[in-house]
Amino acid sequence: LDYLFFDMNGLISDKLHELQKDKSIDSFNEERIVDIIFDKININLHILNPKKVLGIFFDGVPPFAKSSLQRHRRFREFYKYKDKCNFKFNHISIGTEFMKKISDIIQKKIQEKKDNDSTWRNIKVIFSGPEVPDEGEYKIFEYIRSNKILPSNDFSYEKRCIYTTDSDFYLLSLALHQRNILIYNEINNNFSKKKEFLFH
């Protein structure tokens, strides 16, 4: 594997919903929540061991039409969970103080890892925070398009893996018309424990 990209908003939302199901979310502050999220990044980095690049991409401000849709979703999330926990799930949105804090703490943790962990030190880390416009998936695929390397033969394509819980990535990856793009997805359902899927 050469490149590993994280869709951060999907990862954050997934972990917070896990904590809500365990009824433990209200006992965590932002720093502890980031510890859990960053542990997920760190574990997958060491397991998948990309040779060249680790990319961490937050959603930025989307186009107007998508902003309207997201606003509707945030209202729905608020009313869905308002009687179940004190944490406000509409905080997982662009422009909120919560997401700014999460982004800032993760940047500090990246630097700490670069200073103390050879796995982090030996690869290039790309960080795109919520202040950079557009959704995380489009930023990831724009990076892939802009850094496309033409292969010398059919077996020398670079392998890129995207960690996400967002089904949009399947269609977007097909639209690239490039080989060796892997989608790493963890799927929750009500009938079994979390399952991991790697689509190629």
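1. Helices (H or I, at least four residues) and strands (E, at least two) are taken here as DSSP runs, numbered from the N terminus. On that basis the chain has seven helices and six strands, and from the N terminus on these elements follow the order β-α-α-β-α-α-α-β-α-β-α-β-β.

2. The model is a predicted one, in which local features need pLDDT of at least 70 and side-chain atom pairs count only at pLDDT 80 or more, while totals for chains, interfaces and linings use all residues. Residues are numbered from 1 along each chain as its sequence is written, and side-chain values use heavy atoms, with hydrogens and water left out.

3. Of the 200 residues of the chain, 46% count as buried, where buried means under 20% relative accessible area, exposed over 50%, and partly exposed in between (1.4 Å probe, protein chains only). With contact taken as heavy atoms within 4.5 Å, residues 24 or more positions apart account for 68% of the contacts with a separation of 6 or more.

4. In soluble globular proteins, nonpolar side chains tend to be buried together. A nonpolar core is defined as a set of buried Ala, Val, Leu, Ile, Met, Phe, Trp, Tyr and Cys residues joined through side-chain atoms within 4.5 Å. The largest such core in this model has 36 residues, and those with the most contacts inside it are M8, I12, L16, L54 and I106. Two or more residues each are given to this core by β1 (3-7), α1 (8-21), α2 (30-48), β2 (53-57), α4 (97-116), β4 (160-163) and β5 (181-187), and the largest share, seven residues, comes from α2. Leaving aside residues up to four places away in sequence, I106 touches M8, V34, I37, F38, F58 and F127. A second, separate core of 14 residues includes V53, F57, I162 and F169.

5. The packing of α1 against α2 has an angle of about 120°, with the axes 10 Å apart; axes are lines fitted to C-alpha atoms, for helices over the stretch in contact, and angles run from 0 to 180 degrees between N-to-C directions. The two helices α1 and α2 are therefore oblique to each other, given that angles under 35 degrees count as roughly parallel, over 145 as roughly antiparallel, 65 to 115 as roughly perpendicular and the rest as oblique. In this contact M8, L11, I12, K15, L16 and L19 of α1 meet I33, I36, I37, K40 and I41 of α2. By class, the contact has nine nonpolar, no polar and two charged residues, with Ala, Val, Leu, Ile, Met, Phe, Trp, Tyr, Cys and Pro counted as nonpolar, Asp, Glu, Lys and Arg as charged, and the others, Gly among them, as polar.

6. Helix α6 (residues 136-146) packs with helix α7 (residues 168-175) at an angle of about 25°, their axes lying 11 Å apart, and α6 and α7 are therefore roughly parallel to each other. Here E137, Y138, I140 and F141 in α6 meet D168, F169, L172 and S173 in α7, and the residues of this contact divide into five nonpolar, one polar and two charged.

7. Two backbone values deserve a look. N49, found in the loop between α2 and β2, has a positive phi of about 50° although it is not a glycine, and N49 is partly exposed, with a relative accessible area of 46%. D134, in the loop between β3 (124-128) and α6, has a phi near 90°, again a positive value in a residue other than glycine, and at 27% relative accessibility D134 counts as partly exposed.
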